[in-house]
Amino acid sequence: TITNTLSGASTLVTDSDAAAVLETTGGDMTVTAATATSVTATSSGSIDANTTDIAAATTVSLTATDEVNVGLDAAVSATVSAGGTTGSTIDDAAGDTLTTLSLSGNGSAHTFDLRAAEGVNSITATGSQNVTVGMDLSEVSALTTALTFTDSSTGTSTVVLDTADAGAATD
């Protein structure tokens, strides 16, 4: 477990090949945990886990007050809770490994861009905030397992199907 209580942006780095639990209470977080087998991260600001992808973790749970930008190479499932007005981006960098997502707005309505998460076929919206999910229509059409969207939230959930290069679907 790594906890940072300093104010301002922080980079939390672990070379552990075990579970990584990371927390910042004073601002944005950059995560470098390429070899961790699971990652749980909580930030009082945003989370950047895409500069260095979370490469080995098969389960990931990220909670941020603001946006999350994450690259997942090995994760089959992930839970992401984010807020703020800047949308979050979830990228299954290795392609099609990530199939299951649980998404929620953290303290505010939030938008999640899944146009780089080609294999996601199961999404659950949770929590009390509105959730908007943007996906590439051609990738949804190419799924071998039909997309399921479960709204377990008390907010309003919206799925936007657009083209990969449209850009405006979730911006």
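Q: Is Ala64 buried or exposed?
A: Buried means under 20% relative accessible area, exposed over 50%, and partly exposed in between, with a 1.4 Å probe and protein chains only. Ala64 has a relative accessible area of 0%, so this residue counts as buried. Ala64 lies in strand E7, residues 59-64; strands (E, at least two residues) and helices (H or I, at least four) are DSSP runs, numbered from the N terminus. The model is predicted: local features need pLDDT of at least 70, side-chain atom pairs count only at pLDDT 80 or more, and totals for chains, interfaces and linings use all residues. Residues are numbered from 1 along each chain as its sequence is written, and side-chain values use heavy atoms, with hydrogens and water left out.

Q: Which residues does Ala64 touch, not counting residues up to four places away in sequence?
A: A contact means heavy atoms within 4.5 Å. On that basis Ala64 touches Ser43, Gly45, Ser46, Ile47, Ser81, Ala82, Gly83 and Asn106. As for Ala19, 45 residues apart from Ala64 along the chain, the two C-alpha atoms are separated by 19 Å.

Q: What is the strand order of the open sheet?
A: Strands of a sheet pair through backbone hydrogen bonds, either parallel or antiparallel. Two strands are taken as paired if DSSP finds at least two bridges between them. Here 8 strands form an open sheet in the order E2-E4-E6-E8-E10-E12-E14-E16, with parallel pairing. Its edge strands are E2 (10-13) and E16 (157-162), each of which pairs on one side only. The twist averages 15° from one strand to the next, where axes are lines fitted to C-alpha atoms (for helices over the stretch in contact) and angles run from 0 to 180 degrees between N-to-C directions.

Q: How many bridges join E4 to E6?
A: Strand E4 (residues 29-32) and strand E6 (residues 47-54) run parallel and are joined by 2 bridges. Met29 stands opposite Ile47 in E6.

Q: Which strands pair with E12?
A: Strand E10 (residues 88-91) pairs with E12 in the parallel sense over 3 bridges, and Asp91 stands opposite Ala116 in E12. Strand E14 (residues 131-136) also pairs with E12 in the parallel sense, over 4 bridges; there Phe112 stands opposite Val133 in E14. E12 itself (residues 110-116) is mostly covered, with 5 of its 7 residues buried.

Q: Is Ser88 buried or exposed?
A: Ser88 is found in strand E10, and its 1% relative accessibility makes it buried. Leaving aside residues up to four places away in sequence, Ser88 touches Glu67, Val68, Ala82, His110, Thr111, Phe112 and Asp113.

Q: What do the totals for the chain say about helices, strands and burial?
A: The chain has 1 helix and 16 strands. The radius of gyration, taken over C-alpha atoms, is 15 Å, close to the 16 Å that the globule rule gives for 171 residues, so the chain is as compact as a globular protein of that length. The rule is 2.2 Å times the number of residues to the power 0.38. Buried residues make up 42% of the 171 residues.

Q: Where is the pLDDT below 50?
A: pLDDT is the predictor's confidence in each residue, from 0 to 100. Where pLDDT is low, the predicted coordinates should not be read in detail. The mean for the chain is 87, and 91% of its residues reach 70 or more. Over residues 166-171 the pLDDT is below 50, and this stretch has 11 contacts in the model beyond near neighbours in sequence.
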